[in-house]
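Me: I have a model open and would like to go through its fold. Could we begin with the sheets?

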Amino acid sequence: MFNYTAFDEAQAEFVEIAPASELPNGERLFVDLGDKPVVIFNIAGQFFAIGDVCTHDDGPLGDGMLEGFNVVCPRHGGEFDVRTGKVMQMPAVVDIPAYPVKVQDGMILVGLPKG
Ligand code: FES
């Protein structure tokens with residue numbers, strides 16, 4: 001899976017999600033961006049956005065526990081780094097999408113690839 005956070009910002013189209021004040025430290029927010037279910041985490045004041053579907057067997061990743069920057073899939077324990085989408089633990093073997101996030105004028109923005 002492509003790591004969208006590696007996109008040059010100029011290649012991304014940023015979408016407003018919510019005021020950053022509505023996503024306090026340790027919380028997560030579920031959104032649909034077009035046909036993409038996405039979960040946004042606030043980890044120690046930093047925001048990260050990943051696809052909300054596990055690549056192993058479509059588990060709901062956003063419901064998983066966080067271990068540092070890794071989210072643990074609640075179905076079979078696969079782990080992914082929320083910063084990059086990289087798979088860290090089997091049984092999952094394929095990365096998930098990770099999207100660039102920024103805060104502008106107090107709003108959380110998530111970047112999707114243009115086109
Ligand atoms: S569905 Fe996520 S590890 Fe199996």
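Reply: An open sheet of three strands has the order S1-S11-S10, and its pairing is antiparallel. Strands are DSSP runs of E with at least two residues, numbered from the N terminus, and two strands pair if DSSP finds at least two bridges between them.

Me: Which strands stand at the edges there?

Reply: Strand S1 (12-19) and strand S10 (101-104) do; each has a single partner strand, so one side of each is left without a neighbour in the sheet. Neighbouring strands of this sheet are turned by 35° against each other on average, direction ignored; the axes are lines fitted to C-alpha atoms, with angles from 0 to 180 degrees between N-to-C directions.

Me: Before going on, what sort of model is this, and how are residues numbered?

Reply: It is a predicted model, in which local features need pLDDT of at least 70 and side-chain atom pairs count only at pLDDT 80 or more, while totals for chains, interfaces and linings use all residues. Residues are numbered from 1 along each chain as its sequence is written, and side-chain values use heavy atoms, with hydrogens and water left out.

Me: Back to S1. How many bridges join S1 to S11?

Reply: Seven bridges join S1 to strand S11 (residues 107-113), and the two run antiparallel. Within this pairing, Ala12 has Pro113 of S11 as its bridge partner.

Me: What about the four-stranded sheet: what is its order?

Reply: That open sheet has the order S5-S6-S7-S8, again with antiparallel pairing. Its edge strands, S5 (65-67) and S8 (87-89), each pair on one side only. Inside the sheet, S6 (residues 70-72) and S7 (residues 79-81) pair over three bridges, and Asn70 stands opposite Asp81 in S7.

Me: And how many bridges join S2 to S3?

Reply: Six bridges join S2 (residues 28-33) to S3 (residues 36-43), which run antiparallel. Val31 stands opposite Val38 in S3. The hairpin of S2 and S3 has two residues between the strands, and Gly34 takes a positive phi near 65° there.

Me: How many helices are there overall?

Reply: There are zero helices and 11 strands in the protein; a helix would be a DSSP run of H or I with at least four residues. The radius of gyration is 13 Å, close to the 13 Å that the globule rule gives for 115 residues, so the protein is as compact as a globular protein of that length. That radius is taken over C-alpha atoms, and the rule is 2.2 Å times the number of residues to the power 0.38.

Me: What share of the residues counts as buried?

Reply: Of the 115 residues, 41% count as buried, meaning under 20% relative accessible area with a 1.4 Å probe, protein chains only.

Me: Which residues have the most contacts inside the largest nonpolar core?

Reply: They are Phe41, Ile50, Leu61, Val71, Phe80 and Val82, in a core of 15 residues. A nonpolar core is a set of buried Ala, Val, Leu, Ile, Met, Phe, Trp, Tyr and Cys residues joined through side-chain atoms within 4.5 Å. S3 and S4 (46-51) each supply at least two residues of this core, and the largest share, three residues, comes from S3.

Me: Which residues does the second core include?

Reply: The second core is separate and has 14 residues, including Ala18, Leu33, Val110 and Leu112.

Notes. Buried < 20%, exposed > 50% of the residue type's maximum accessible area, 1.4 Å probe, protein only.
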